[in-house]
Amino acid sequence: MSGKISVEDFGTTPEGRAVQRFVLRNNNNVCLKLISYGATIQAIEVPDKDGTVADVTLGFDTLDGYLGKHPYMGVVAGRVANRIAKGTFSLDGQEYKLAVNNGPNHLHGGLKGFSHYVWDSCVDGDSVKFTYVSADGEEGYPGEVTAQVTYKLTNDNEVDIQYQATTTKATPINLTNHAYFNLAGQSEPTIYDHVIAIMADKYTPTDDDALTTGEICGVEGTLWDLREGVRMGDRLNSVPGKEPGYDHNFCITQPGDKQLCARAHHPASGRTMEVRTNQPGVQFYTANYLDGTVVGKGRAKYNKHSGFCLETQVYPDAINKPHFPNSVLRPGETYHHHTSFKFVLG
């Protein structure tokens with residue numbers, strides 16, 4: 001990446017912690033903005049086929065928006081992203097109880113997960129590194145966990161994210177970024193004109209509370225078959241749930257390092273985003289519960305289906321479902337999760 005990474009103040013938390021914003025630019029007029037509160041993606045600005053730049057991630061102009069209650073916009077979710085059934089799990093013969101903060105279940109690390117802390121931050125060459133130390137017993141989880149998230153913007157228009165973590169005791173871990181995208185621009189009302197493909201021939205069905213049932217089912221002939229790309233306006237309101245739309249984990253067909261797992265295309269702007277990861281799953285969420293009460297950047301009101309998330313991950317509730325991919329990190333091991341969002345212009 002050419003040019004310097006600029007650093008600026010982004011406000012102060014009620015506890016007196018300063019929050020910084022890091023601005024990264026490449027040679028193609030793509031800009032990535034990060035804040036140290038929640039190791040959050042605050043903005044990604046991308047040109048369209050005519051060179052007009054738009055911010056393609058939902059979020060807030062000021063720190064106050066992130067300090068208030070919001071649906072995890074752009075944050076790093078952890079210690080365990082997604083849901084844990086009834087907020088309980090057993091590990092090595094001991095039962096642990098966590099906060100129940102999403103219906104009957106635990107979601108995204110609890111009442112104050114990794115998303116609601118100021119992370120230590122620094123510029124590391126052409127990258128920005130965030131570090132957070134989660135205390136033993138925080139939110140009910142065992143072990144002191146040291147987590148690092150490193151962001152880089154390349155001249156190939158790729159936002160590269162590296163997650164690492166170590167622990168002093170065995171613990172479940174599942175970190176992800178919860179960015180909401182709208183490739184038409186963050187203030188546009190819906191994603192109905194987006195065509196989204198997910199390279200998964202299986203998915204994990206959910207119950208009425210959006211928790212995985214434990215089944216792993218084929219997508220062939222179902223509403224969850226997105227392998228060839230589907231226009232969202234033709235599909236979202238047909239997907240059953242408390243609110244129509246996707247909030248499901250897809251099982252990546254060929255997991256591997258930086259495996260292409262999803263592609264989103266907005267025909268009118270010409271913007272395409274490709275998602276690659278080394279994780280076995282990706283949660284596809286289509287902002288089913290946004291209702292206009294969240295007011296974001298430029299006073300945009302975020303309504304239902306105004307954005308989408310592609311959260312690379314281990315399958316939800318894996319700690320309680322032994323046949324799912326392993327989510328347990330033990331002392332002496334290093335958790336490593338690699339994901340990138342690449343923007344293809346024109």
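This briefing covers a sheet, a cavity and the cysteines of one structure. The model is predicted.

- Strands of a sheet pair through backbone hydrogen bonds, in either a parallel or an antiparallel sense.

- The antiparallel pairing of β11 with β12 runs over 5 bridges, and Ser 121 has Phe 130 in β12 as its bridge partner.
- These two strands, β11 and β12, form a hairpin with 2 residues between them. Gly 125, in the turn, has a positive phi of about 65°.
- Strand β12 (residues 127-134) is largely enclosed by the rest of the structure, because 6 of its 8 residues are buried.
- β12 also pairs with β13 in the antiparallel sense, over 8 bridges. Here Tyr 132 stands opposite Ala 147 in β13.
- β13 (residues 145-153) in turn pairs with β14 (residues 158-167) over 9 bridges, again in the antiparallel sense. Thr 146 has Thr 166 in β14 as its bridge partner.

**The cavity**

- The volume of the largest cavity is about 60 Å³.
- Rolling a probe the size of a water molecule over the atoms shows where empty space is left.
- Residues that line the largest cavity include Val 80, Ala 81, Arg 83 and Ile 84.

**The cysteines**

- A disulfide is a covalent bond between the sulfur atoms of two cysteines.
- For Cys 122, the closest cysteine sulfur is in Cys 31, at 19 Å, which is too far for a bond.
- Cys 122 counts as partly exposed, because its relative accessibility is 36%.
- Cys 251 is likewise in no disulfide, and the nearest cysteine sulfur, that of Cys 217, is 9.2 Å away.
- Cys 251 is buried, and its relative accessible area is 4%.

Conventions. Residues numbered from 1 in each chain as written. Predicted model: local features only at pLDDT ≥ 70, side-chain atom pairs only at ≥ 80, totals over all residues. Heavy atoms only, no water. Pairing = 2+ DSSP bridges. Helix = DSSP H or I, 4+ residues; strand = E, 2+ residues; numbered from the N terminus. 1 Å grid on protein atoms, 1.4 Å probe; cavity = no way out; pocket = protein on both sides within 12 Å on 5 of 7 lines; lining within 4 Å. Points joined across faces, edges and corners; volume = space filled by probe spheres on them. Buried < 20%, exposed > 50% of the residue type's maximum accessible area, 1.4 Å probe, protein only. Disulfide = S-S within 2.5 Å.
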